[in-house]
Amino acid sequence: MTTSTIAVGDRVPEGKLSYIPHAPELDDPLACGSPTTITTTEFFAGKKVVLVSVPGAFTPTCHVNHLPPFLARYDEFRSKGVDIIAVLAANDAFVMSGWARVQGLKDKILALSDGNAEWSKAMGLTVDLSHVGFGLRTARYAIVLDDLVVRYLGVEPARGVTVSGADAVLEAL
């Protein structure tokens, strides 16, 4: 279980994340793209952001149960004033880009890499999965940010998707 050190009303810490922006050439499965580094304080400033964190791209719960409902309900999120929807994991930017392409995210949901889970660690939102050979990962959580301030935080208390799922986040908006 994860014990977060960030709470509703707190400002998120600055962190560096990377991603590969969607581009038509990425429709070619052999294309890799070029990673871009962003800082959370610049990229999320002045925006309403839904950030869903998963322990790993392509893992069963993340791949089948957690991310797809966010894409399926994309228009509902946008109608509630959400500027950015992003999925976050400790996987590298190339894996996240590959997962985004398999999921069909295109430019609707950003697939962000929290390398070494450093940004998540700064908020107390990591999970040690060394017992299954995964090492330190981002925990399963969802955050709603409004100009960098946490308005909703749903950290999963156990396996599965409840408080960090699309339904719970939409209800919180």
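Select lysine 47: it is partly exposed, with a relative accessible area of 28%. Here buried means under 20% relative accessible area, exposed over 50%, and partly exposed in between, with a 1.4 Å probe and protein chains only. This is a predicted model, in which local features need pLDDT of at least 70 and side-chain atom pairs count only at pLDDT 80 or more, while totals for chains, interfaces and linings use all residues. Residues are numbered from 1 along each chain as its sequence is written, and side-chain values use heavy atoms, with hydrogens and water left out.

Stay on lysine 47. It sits in the loop between helix 1 (40-43) and strand 3. Helices (H or I, at least four residues) and strands (E, at least two) are DSSP runs, numbered from the N terminus. Lysine 47 touches Asp83, Ile84, Leu145, Asp146 and Asp147, not counting residues up to four places away in sequence. A contact is heavy atoms within 4.5 Å. Draw a C-alpha distance to aspartate 147: 5.1 Å, across 100 residues of chain. Then look back to phenylalanine 43, whose backbone oxygen lies 3.1 Å from a polar atom of the lysine 47 side chain. 

Select leucine 148, in the loop between strand 8 and strand 9. Its phi is positive, about 75°, although it is not a glycine. Leucine 148 counts as buried, at 2% relative accessibility.

Step to valine 149, in strand 9 (residues 149-155). Buried or exposed, valine 149? Its relative accessible area is 18%, so valine 149 is buried. Show Gly9, Asp10, Arg11 and Val144: valine 149 touches these, not counting residues up to four places away in sequence. Alanine 7 is 142 residues away in sequence, yet 9.5 Å away in space, C-alpha to C-alpha.

**Next: alanine 117 and glutamate 118**

Select alanine 117, in the loop between strand 5 and helix 6 (118-122). Alanine 117 also has a positive phi, about 55°, and is not a glycine. Its relative accessible area is 0%, so alanine 117 is buried.

Move on to glutamate 118, in helix 6. Glutamate 118 is exposed, with a relative accessible area of 51%.

**Next: the largest nonpolar core**

A nonpolar core is a set of buried Ala, Val, Leu, Ile, Met, Phe, Trp, Tyr and Cys residues joined through side-chain atoms within 4.5 Å. Which members of the largest one touch the most others? Select Val50, Phe70, Phe77, Val87, Ile109 and Val169, out of 25 residues. Elements that each supply at least two residues of this core include strand 3 (48-53), helix 3 (68-72), strand 4 (84-89) and helix 7 (166-172). Apart from this core lies another, of 23 residues, among them Ile84, Ala86, Trp119 and Leu153.

Zoom to phenylalanine 77. Not counting residues up to four places away in sequence, phenylalanine 77 touches Val50, Phe70, Val82, Ile85, Ala166, Val169, Leu170 and Leu173. Pick alanine 166 from that list; it lies in helix 7. Alanine 166 is buried, with a relative accessible area of 5%. Its C-alpha is 5.9 Å from that of proline 69, 97 residues apart along the chain.

Select helix 5 (93-103). Its buried residues are Ala93, Met96, Ser97, Gly98, Trp99, Ala100 and Gln103. At its start, a side-chain oxygen of aspartate 92 reaches to within 2.8 Å of the backbone nitrogen of phenylalanine 94. After helix 5 comes glycine 104, with a positive phi near 75°.

**Last: the whole chain**

Zoom out. The protein chain has 7 helices and 9 strands. Of its 173 residues, 49% are buried. Among contacts between residues at least 6 apart in sequence, 66% join residues at least 24 apart.

How values were computed: A polar contact is a pair of N or O atoms within 3.5 Å; within protein, one must be able to donate a hydrogen and the other to accept it, and residues adjacent in sequence count only if both atoms are side-chain atoms.
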